[in-house]
Amino acid sequence: MIRIVLIEDGHLMREWLGRSLSSRGHDVRRFERAGDALAAVIADAPDVIVSDIKMPGMSGIEFGRMLRARAIHVPIVFMTANPDARVQSDARALGSRWFLHKPFH
């Protein structure tokens with residue numbers, strides 16, 4: 001079982017993706033805001049983080065930077081509906097090798 005932290009501000013996407021991952025046997029903790037997930041990840045790091053990039057408050061990229069500044073190197077899968085070269089570059093700089101484009105096909 002893979003322990004996943006899912007951060008997605010869209011309720012329907014968060015629920016759908018959380019249920020989809022859970023139905024495959026993964027332990028999924030869901031968060032609407034990156035700021036709320038930060039304390040949980042610091043206290044108990046998961047195996048992987050799946051995070052939206054553009055969210056109210058702290059962005060997914062800012063969240064990743066805060067983790068790396070604390071020497072937390074959990075793999076991060078970023079997802080966004082509005083990809084651009086700068087965001088992808090920022091994600092790669094954080095060590096992310098995975099970038100998902102919403103909506104998923």
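In the predicted model examined here, Arg3 forms a salt bridge with Asp44, the closest N and O atoms lying 3.0 Å apart, where a salt bridge is a side-chain nitrogen of Lys or Arg within 4 Å of a carboxyl oxygen of Asp or Glu. Because Arg3 lies in strand β1 (residues 3–7) and Asp44 in the loop between α2 (34–43) and β3 (48–52), the pair ties together parts that are 41 residues apart in sequence; helices (H or I, at least four residues) and strands (E, at least two) are DSSP runs, numbered from the N terminus. Arg3 is partly exposed, with a relative accessible area of 26%, and Asp44 is likewise partly exposed, at 36%, given that buried denotes under 20% relative accessible area, exposed over 50%, and partly exposed the range in between (1.4 Å probe, protein chains only). The model is a prediction in which local features need pLDDT of at least 70 and side-chain atom pairs count only at pLDDT 80 or more, whereas totals for chains, interfaces and linings use all residues. Residues are numbered from 1 along each chain as its sequence is written, and side-chain values use heavy atoms, with hydrogens and water left out.

A search of the whole structure finds five salt bridges. One of them joins Arg30 to Glu15, with the closest N and O atoms 2.7 Å apart; Arg30 lies in strand β2 (residues 27–31) and Glu15 in helix α1 (residues 11–22), so the pair ties together parts that are 15 residues apart in sequence. Arg30 counts as partly exposed, at 30% relative accessibility. A further salt bridge is formed by Lys102 with Asp52, at a closest N to O separation of 3.3 Å, and since Lys102 lies in the segment after β5 (98–101) and Asp52 in strand β3, this pair ties together parts that are 50 residues apart in sequence. Both Lys102 and Asp52 are buried, and salt bridges that share partners join Glu8, Asp52 and Lys102 into one network.

The largest nonpolar core has 23 residues, of which Val5, Ile7, Val41, Ile49, Phe63, Leu67 and Phe78 touch the most other members; such a core is a set of buried Ala, Val, Leu, Ile, Met, Phe, Trp, Tyr and Cys residues joined through side-chain atoms within 4.5 Å. Two or more residues of this core come from each of β1, α2, α3 (60–69), β4 (76–80) and α4 (85–93), with α2 giving the most, five residues. Apart from this core lies another, of nine residues, among them Ile4, Leu6, Val28 and Val77. When its neighbours within four places in sequence are left aside, Val5 is in contact (heavy atoms within 4.5 Å) with Arg29, Phe31, Ala37, Val41, Pro46, Val48, Ile49 and Val50.

In α2, the buried residues are Ala34, Ala37, Leu38, Ala40 and Val41, and these pack against β1, β2, β3 and α3. In α4, Val87, Asp90 and Ala91 are buried; they cover an arc of only 100 degrees around the axis, which puts them on the same side of α4, the arc being that of the directions from the helix axis to the C-beta atoms. The buried residues of α4 pack against α3, β4 and β5, whereas the face turned away from the buried side carries the exposed residues Ala85, Arg86, Arg92 and Ala93. At the start of α4, a side-chain oxygen of Asp84 reaches to within 3.1 Å of the backbone nitrogen of Arg86, and just after α4, Gly95 takes a positive phi of about 90 degrees.

Note on methods: Polar contact = N/O pair within 3.5 Å; in protein donor to acceptor, adjacent residues only side chain to side chain.
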